[in-house]
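Dear colleague,

I am handing over the structure below, and after it I set out what I found. Please read the text with the structure open beside you.

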Amino acid sequence: MENNTAAKYNMREFLAFTGAKLLEDGKSVFVGTGLPMIAGMLAQKTHAPHLLIIFEAGGVGPILPELPISVGQATTCYRGIAATSMHDVMSACQAGYIDYGFLGGAQVDMYGNINTTCIGDHAKPKTRLPGSGGANDIASFAHKTVIIAGGQSKRTFVSKVDFLTTPGYLSGPGAREKAGLPGNTGPYRVITQLALYGFDDKTRGMKLISLHPGVSLEEVKDNSGFDIIIPEKYSVSPAPSDRELEILRKDIDPTGMLIGK
Amino acid sequence: MEVLHEGLGELVGWHDPDENREFVLHNKSRALKDKTMTASEAVASFVKNGDFIASGGFGHIRVSMNIIYEIIRQRKRNLTMAGKTAVHDLDLLVGNGCVNKVEVAYSFGHEVRGLSPASRRMVESGRCKVIGEISNAGYQWRFLAGMMGLPFIPSRNLLGTDTGKYSACKVVTDPFSGKPINLIPAAYPDVAFIHVHRCDIYGNCQIDGIMVEDFELARCARKLIITTEEIIDNEEIRREPWHTAIPFYVVDGVVEQPFGSHPCELHGKYFFDEEHIAEWLSLSKTDEGVQAYAEKYIFGVNDFPDYLELCGGIRKMEFLVKREAMRVPLVTPWRK
């Protein structure tokens, strides 16, 4: 993707844009740290001005004035409707008020299970990562969970995650319900630098929706440790307009802390 | 109730609710008395080696950093810490050898700023042990169960995952719905420290902005140190009692310290000191760097006001106040 389009936008801008497109006006989204915050903010500044953005530390319904560094800082309730508590927003999430949960992921498997805890053995990890944070909660409770996993490769798209931090469809159809997770929840979309994916209704396996401009089907297959379901029909992901790129660069992330420079 | 799964995580900070009621009866005074003291006195009186500790706020937000630095200065050891989105506080305490056990919801990272070199190194080299995993809501609900005086609280997160498997939770069959339900054990930290915008000498506190989980944490902690930007008159509390976030009877000590959360943010008051955080992230890449930081900013100064001077004093604090009000642009010196 970089080769064909590097002149116009970078990968992280594309991820943020693709994430923003999934969010609808008049719905609620629970955003995690990093790119999900940019996606929510871009949606709010373009097609979804009344998107209800909720942060796990207690910020509810802000009109974000600048990109937060933390999901708890004051801007997460700037001109918002409430500055409340984690108990309040997580309870709302558990009770069913959250349409979209928006997460990042280090390792993802075919069922959309996410690992953000450790690489290698839990007792003696090769790399210790931060852990669940609010991700396990958001993916357990939100009606639809969107995952942004920037660097799709055989190392990050794995047949089995080293540690199942955050639930996708667990071991397949019916597994979430059997475990006791709320009904009609689960991963909805996965966005990588190569493509946009959904999940097959029957098998719950990850399924291609659209290839990003300039990406081949071979690239998608070569950069996965499991078989992605390829339907007969798939499309090409839309690219951001000049105006959307300008909003991303000038209004949302002028220092380039998340989208780079 | 049928127990379906039992988590492998170590159960820390749990007490039988009757035992905790006894503790409250004999140790938490309902008398209105002046609790003001210095940070040094508060840590010496209330933090013991081996304690299970919890820090208020969230990540780099409204953290009682003056108590964190004082714990390091007094060289407390073998502490277990609640990793309830514990970020800068935990990183410093683990890096400096004060905390060697963590129950993790979110730790060893600095959100957008990247991972924590110091505490990750301590975990990956086996010098700090992760005794259990949990999620942010999970940790928060440990405190909720504690504040309610209950042994556990049911929840629908953590189910079906390794986070649940490595937690101290148990999964049972819900006798009402018949579905599996997760039981989160109560937590009663030995000591918690929470930074607030203002409180009176008795410990009645007001907090602006988000509460995060401090409403619950304040009420379940066995000992509670409040640090505050300013002490206000009890009359101000009584004029607007609906603004009281934490009542005096759960508070054990009150420490007045303006800018007491630096380099963390305080909603509506001052922004993160990104330059200082970047210095820590850079220095903490090696054990020697962690030591150099501690020598300069903790052992090399007498107290928190001296530390603030070293960090740039009034000029820096004025800048952080302006940044919080978005009157000056954001700087991100930790960005690669």
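In this predicted model, strand β7 of chain B (residues 170–173) pairs with β8(B) in the antiparallel sense, over four bridges. Within that pairing, B:K170 is placed opposite B:L183 of β8(B). The two strands belong to an open sheet of four strands in chain B, whose order is β1-β7-β8-β6 and whose pairing is antiparallel. The edges of the sheet are taken by β1 (3–6) and β6 (152–155) of chain B, and because each of these has a single partner strand, one side of each is left without a neighbour in the sheet. Direction ignored, neighbouring strands of this sheet are turned against each other by 30 degrees on average. A helix also lies on the sheet: α6(B) packs there, touching β6 and β8 of chain B, and its direction makes about 140 degrees with that of β6(B).

The crossing in which α4(B) passes α5(B) is left-handed. On the α4(B) side the contact is made by B:L90, B:D91, B:V94 and B:G95, and on the α5(B) side by B:A118, B:S119 and B:M122; these residues divide into four nonpolar, two polar and one charged.

Another pair in chain B is formed by α3(B), residues 65–73, and α11(B), residues 287–299, whose axes come within 10 Å and cross at roughly 115 degrees, which makes α3(B) roughly perpendicular to α11(B). This crossing is left-handed. B:Y69, B:I72 and B:R73 of α3(B) meet B:A294, B:I298 and B:F299 of α11(B), and by class this contact has five nonpolar, no polar and one charged residues.

Among the buried residues are A:L35, A:M37, A:G40, A:M41 and A:Q44. The buried residues of α3(A) pack against helices α2 (11–22) and α8 (242–252) of chain A, and against strands β1 (28–31), β2 (52–54), β5 (100–104) and β10 (144–148) of chain A.

How do the axes of α2(A) and α3(A) cross? They come within 8 Å and cross at roughly 55 degrees, so that the two helices are oblique to each other, and the crossing is right-handed. From α2(A), the residues A:R12, A:L15, A:A16, A:F17, A:G19 and A:A20 meet A:L35, A:P36, A:I38, A:A39, A:L42 and A:A43 of α3(A). By class, this contact has ten nonpolar, one polar and one charged residues.

With kind regards

Note on methods
Residues numbered from 1 in each chain as written. Chains lettered and ligands numbered in written order. Predicted model: local features only at pLDDT ≥ 70, side-chain atom pairs only at ≥ 80, totals over all residues. Buried ≥ 20, exposed ≤ 12 C-beta atoms within 10 Å, placed from the backbone. Contact = placed C-beta atoms within 7 Å. Pairing = 2+ DSSP bridges. Axes fitted to C-alpha atoms, helices over the stretch in contact; angles between N-to-C directions. Parallel < 35°, antiparallel > 145°, perpendicular 65-115°, else oblique. Left-handed = near helix turned anticlockwise from the far one by under 90°. Nonpolar A, V, L, I, M, F, W, Y, C, P; charged D, E, K, R; others polar.
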